[in-house]
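User: Can you walk me through this one? I'd like the surface and the charged pairs.
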Amino acid sequence: MGSYDVIIVGSGVIGSALAIAFANQGRKVLLIERDWSEPDRIVGELMQPGGVKALQKIGIEHCLEGIHAVDCNGYAIFKENEKIILNYPVNKSPNQGKSFHHGRFIMNLRNEANSKSNVTVLEATVTQLIEDTKFVNRVIGVKYKKKKLTSFKTDSKLDLSNFDNETIEEESIIAPFVVIADGCFSKFRKQLINKSVEIKSHFVGFILKKCDLPNKNYGHVILAKPSPILLYQISGDDTRILIDIPGKLPNVSNGEMNKYLLDYILPQLPKSIQVSFSAAVEISKARIMPNSFLPPSKNLKEGLLILGDAMNMRHPLTGGGMTVALWDVVHVSDLLHPLKFKNFNKVKKVSEELKKLHWKRKPLSSVINILAQALYSLFSAGDNINLIYLQEACFGYFKLGGRCVSTPVGLLAGLIPSPLTLLGHFFAVAFYGTFLIIRKNWIYLPFALIRSFLVIFTAAMVIGPVIISELKN
Ligand SMILES: Cc1cc2nc3c(=O)[nH]c(=O)nc-3n(C[C@H](O)[C@H](O)[C@H](O)COP(=O)(O)OP(=O)(O)OC[C@H]3O[C@@H](n4cnc5c(N)ncnc54)[C@H](O)[C@@H]3O)c2cc1C
């Protein structure tokens with residue numbers, strides 16, 4: 001095996017895009033992925049306009065082509081019998097997102113990486129980080145178990161028939177810089193960061209065939225009970241539905257899950273979706289993923305960077321994970337630009353520079369993280385009366401239109417990287433809620449004032465802890 005400037009572990013969204021960005025800067029990259037076949041997952045299917053913008057910056061927007069991706073102009077929000085349409089802001093560019101089959105997009109990214117002469121791809125599972133014996137807290141390479149040999153550089157497409165089926169024992173490879181991008185179930189997270197993953201709910205997913213979505217080219221959010229349901233068309237015939245289930249999941253094997261979905265969820269869906277939904281539940285198996293929250297952390301080791309879901313996750317309600325990941329690629333490749341670093345051999349200097357990443361990513365990533373967690377709390381209000389008031393205030397605020405829509409949607413789209421703007425709109429919603437309470441209950445003013453205070457307090461309790469988690473290292 002040759003010598004490399006950087007080893008990247010994981011060829012998902014961030015690993016593949018970073019390999020391309022580094023290759024474009026002339027770096028020699030080893031990209032290690034445990035399974036090069038097309039992923040079949042229920043994650044990463046809606047790319048916000050902010051993510052499209054990052055793809056443009058990296059020069060790989062064409063990876064959205066040829067996968068039957070569907071344009072997304074914004075969101076349709078359903079609450080009981082009411083509906084509002086939230087368009088992405090027209091004065092921002094791009095003002096469209098894309099929804100698609102995740103696996104197809106990942107294969108485009110992987111093929112693009114593989115087409116670069118300075119990227120070597122390897123099918124192997126990384127098992128261990130190799131630490132320097134002389135310098136404490138410095139990583140110098142990885143150990144991996146190789147299932148199959150890679151010998152394909154025949155054309156720009158990943159051709160799996162070129163893999164040899166030989167099983168080989170554990171091997172090692174060293175490089176001055178290692179990037180860990182092994183996703184939400186990261187094997188290395190525990191040894192690299194001190195924060196732990198919090199899971200409050202799961203998404204249960206199905207593909208609906210030929211579903212008649214009420215608003216084509218819009219993501220659909222249904223403010224159902226006990227928590228929200230998402231729908232977006234991901235190709236000509238296929239529409240993804242993700243049903244959030246908080247707490248313990250109904251049992252799949254004894255039929256409890258299907259009963260819950262058909263008896264409780266189905267009646268809450270718009271009529272035009274119900275037929276394809278019941279068909280999907282009856283003929284296919286529920287796909288389940290945890291909805292995790294992991295605040296970002298600073299890097300603790302030299303020679304190493306942990307990125308993507310391995311380092312930072314938020315509730316997928318707002319579909320922001322890929323946008324955050326792709327902007328991290330932009331930031332890392334800017335920080336380590338060849339004009340600043342001819343190679344990565346000066347490990348200490350590279351690590352010093354990478355310390356800037358934590359704050360450089362914050363304007364965008366904290367907006368997406370905070371918004372996802374805060375909106376999820378509001379949209380899964382359950383029986384909490386103060387949260388129900390906040391949910392109604394949020395819906396009412398959107399109905400005001402103008403900036404009450406364009407700015408919050410711009411924040412969600414990843415087009416307005418401004419945490420203060422987010423904070424302003426969040427509390428504007430809360431105060432709008434108090435206005436609605438007082439207007440409705442002005443005869444019982446003392447009650448209305450107490451309720452208003454509790455609503456503001458609840459808003460602070462929703463957003464405060466997430467903000468604090470963003471400010472910690
Ligand atoms: C239910 C759900 C829905 C979501 N929907 C959206 C959405 O619509 N829009 C959006 O932007 N975000 C969404 N997200 C978030 C988004 O999917 C992630 O933020 C994004 O995929 C993270 O990319 P990543 O590269 O960090 O990880 P991944 O894309 O998961 O890639 C990790 C890669 O590492 C490989 N790997 C793992 N371990 C090893 C190892 N030891 N050795 C070698 N390789 C290894 C894996 O095989 C995988 O290919 C969703 C998340 C969930 C849970």
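Analyst: Ground rule for patches: they take residues with over 30% relative accessible area and no salt bridge, joining like charges within 9 Å and nonpolar side chains (Val, Leu, Ile, Met, Phe, Trp, Tyr) within 5 Å. Accessible areas come from the Shrake-Rupley method with a 1.4 Å probe, and for residues only the protein chains shown count as cover. This is a predicted model: local features need pLDDT of at least 70, side-chain atom pairs count only at pLDDT 80 or more, and totals for chains, interfaces and linings use all residues. Residues are numbered from 1 along each chain as its sequence is written, and side-chain values use heavy atoms, leaving out hydrogens and water.

User: Which residues form the nonpolar patch on the surface?
Analyst: Ile450, Phe453, Leu454, Phe457 and Met461, with about 510 Å² of accessible area together.

User: OK, salt bridges. How many in the whole structure?
Analyst: The search finds 20. A salt bridge here is a side-chain nitrogen of Lys or Arg within 4 Å of a carboxyl oxygen of Asp or Glu.

User: What does Arg138 pair with?
Analyst: Glu302, at 2.9 Å, N to O.

User: Are those two buried or exposed?
Analyst: Both Arg138 and Glu302 are buried. Buried means under 20% relative accessible area, exposed over 50%, partly exposed in between (1.4 Å probe, protein chains only).

User: Which side chain does Glu302 meet at 2.9 Å in helix α8?
Analyst: Lys348, also in a salt bridge. Arg138, Glu302 and Lys348 are linked in a network. Lys348 counts as exposed because its relative accessibility is 52%.
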